[in-house]
Amino acid sequence: MTKRERLDRAYAFEPADKLPFVPAVYEHKARLVGRSPSEVCRSLDLLLEALDKELELYDPDALTVGLDVYNVEAEAVGCEVRYFDRSPDVAAVAAPLLDGPAGLGRLRRPDPERDGRMPLLVEAAARLRTAKGDDVPVRGAVTGPFSLACALAGTEQVLVATLEDPAFVRALLAFAAEVALDFGRAFLAQGVEPILFDSKASPAAASPRVFRDFVLPVYRDAVVPGLRGAGARTTPLIIGGDTTPVLEDLLETGAGQILCDAGADLDLFLRRCAEERRPFRVSVDARLVHTGSPEEIRGEARRVLSRVAGRPGILFGCGVVAYDCDPRNVIALREARDAFAAA
């Protein structure tokens, strides 16, 4: 069974030979080619080299074109991004672009074919898609509206404004949704499915109220239908942390796949996602993957896999792999998946 067939069967709630293995490898890509995240995220050649190395070493069932996933669109809009060429630190937005609602009218939607690093990511995805053909699913990383809003205006300011100036937040989210749609459509034009990342919307960062009143509507009414209208088939929405308190709202977004991160209520995800026929990724804790031994990681992976055994619609992976994580620890996850499938 090819990787694409395996992933397609998971999305269709059909049995496969193995659960799709999709570890969260972003800045860790740079470690695989001995370079810093800031070097790789700005070089088409290095990014393609890192993606090839990820495929060779970890043998995942999908590749995500993205490294510092929350910076690309913010930088293209106008935020300064601070890079660290000789450091393992991940590039980061230096400061918010907006100082309140007055700046909204000056925001300009970036062009994915021209602005910032958006063209680099689209080109990398296009080349990877051409090189790998139909065997390896390629996905383009897109920042979700709430996380982009927080980058543009500051997380604290956005959260305060949900109470004091909700109209400003909704207008900012509408702008951020258009940016996400533009970038997603650019990937789709290359035959690459977009994958949305919006961890600022996690209950650990915001609150269930914020998700229900602000995040849910922008996905349900704009982002998900807009991407599907442009040809998206899967529309994964990745929000880390314990999202149990917003599971019902996550399902209502219409996203084609969600994440059950370590610490979330796996039993509830299994029941509700089966009822809604919504695929989700189950994850081994990133902290264990970073600090544990391969045997400890294989043991935890077996425990997680045993809880989802025989269930359709499940993908398997881990939380975000740290830059300096020992590659043997990620390989241990795949080995556990393979051994479990063969048992």
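The structure is a predicted model, in which local features need pLDDT of at least 70 and side-chain atom pairs count only at pLDDT 80 or more, while totals for chains, interfaces and linings use all residues. Residues are numbered from 1 along each chain as its sequence is written, and side-chain values use heavy atoms, with hydrogens and water left out.

The chain contains 15 helices and 9 strands; these are DSSP runs, with helices being H or I of at least four residues and strands E of at least two, numbered from the N terminus. The C-alpha trace spans about 60 × 45 × 35 Å along its principal axes. The radius of gyration of the chain is 19 Å, which agrees with the value near 20 Å that a compact globule of 343 residues would have. This radius is taken over C-alpha atoms, and the globule rule is 2.2 Å times the number of residues to the power 0.38.

Of the 343 residues, 57% count as buried. Buried means under 20% relative accessible area, exposed means over 50%, and partly exposed lies in between (1.4 Å probe, protein chains only). The accessible surface of the chain comes to about 13500 Å², and carbon and sulfur atoms account for 48% of it. Accessible areas come from the Shrake-Rupley method with a 1.4 Å probe, and for residues only the protein chains shown count as cover. Among the contacts with a separation of 6 or more, 72% are between residues 24 or more positions apart, where contact means heavy atoms within 4.5 Å.

The chain carries 43 positive and 52 negative side chains, and the centres of the two sets lie 2 Å apart. Lys and Arg count as positive and Asp and Glu as negative, while His and the chain ends are not counted. The place of a charge is taken as NZ of Lys, CZ of Arg, CG of Asp or CD of Glu.

In the whole structure, 36 salt bridges are found, a salt bridge being a side-chain nitrogen of Lys or Arg within 4 Å of a carboxyl oxygen of Asp or Glu. One of them joins the side chains of D68 and R117, at 2.8 Å from N to O. D68 lies in the loop between β1 (63-65) and α5 (72-77), and R117 lies in the loop between β3 (92-93) and α6 (118-132), so this pair ties together parts that are 49 residues apart in sequence. D68 counts as buried, at 4% relative accessibility, and R117 counts as buried at 7%.

R117 also meets the side chain of E75 in a salt bridge (2.8 Å, N to O). Because E75 lies in helix α5 and R117 in the loop between β3 and α6, the pair ties together parts that are 42 residues apart in sequence. E75 is buried, with a relative accessible area of 18%.

A further salt bridge is formed by the side chains of D285 and R287 (2.7 Å, N to O). Here D285 counts as partly exposed at 23% relative accessibility, and R287 is exposed at 63%.

D249, in helix α11 (residues 247-252), is buried yet has no salt bridge. The nearest side chain of opposite charge is that of R212, 5.2 Å away. Not counting residues up to four places away in sequence, D249 touches F211, R212 and L216.

G184 is located in helix α9 (residues 166-188) and is buried, with a relative accessible area of 0%. Beyond residues up to four places away in sequence, G184 touches V142, P194 and L227. G184 and L227 are 43 residues apart in sequence, and their C-alpha atoms are 6.8 Å apart in space.

Positive phi values in residues other than glycine occur at F13, where phi is near 60°, and at T235, where phi is near 40°. F13 is found in the loop between α1 (3-11) and α2 (28-32) and counts as buried at 12% relative accessibility. T235 is placed in the loop between α10 (208-229) and β6 (237-238) and counts as buried at 1% relative accessibility.
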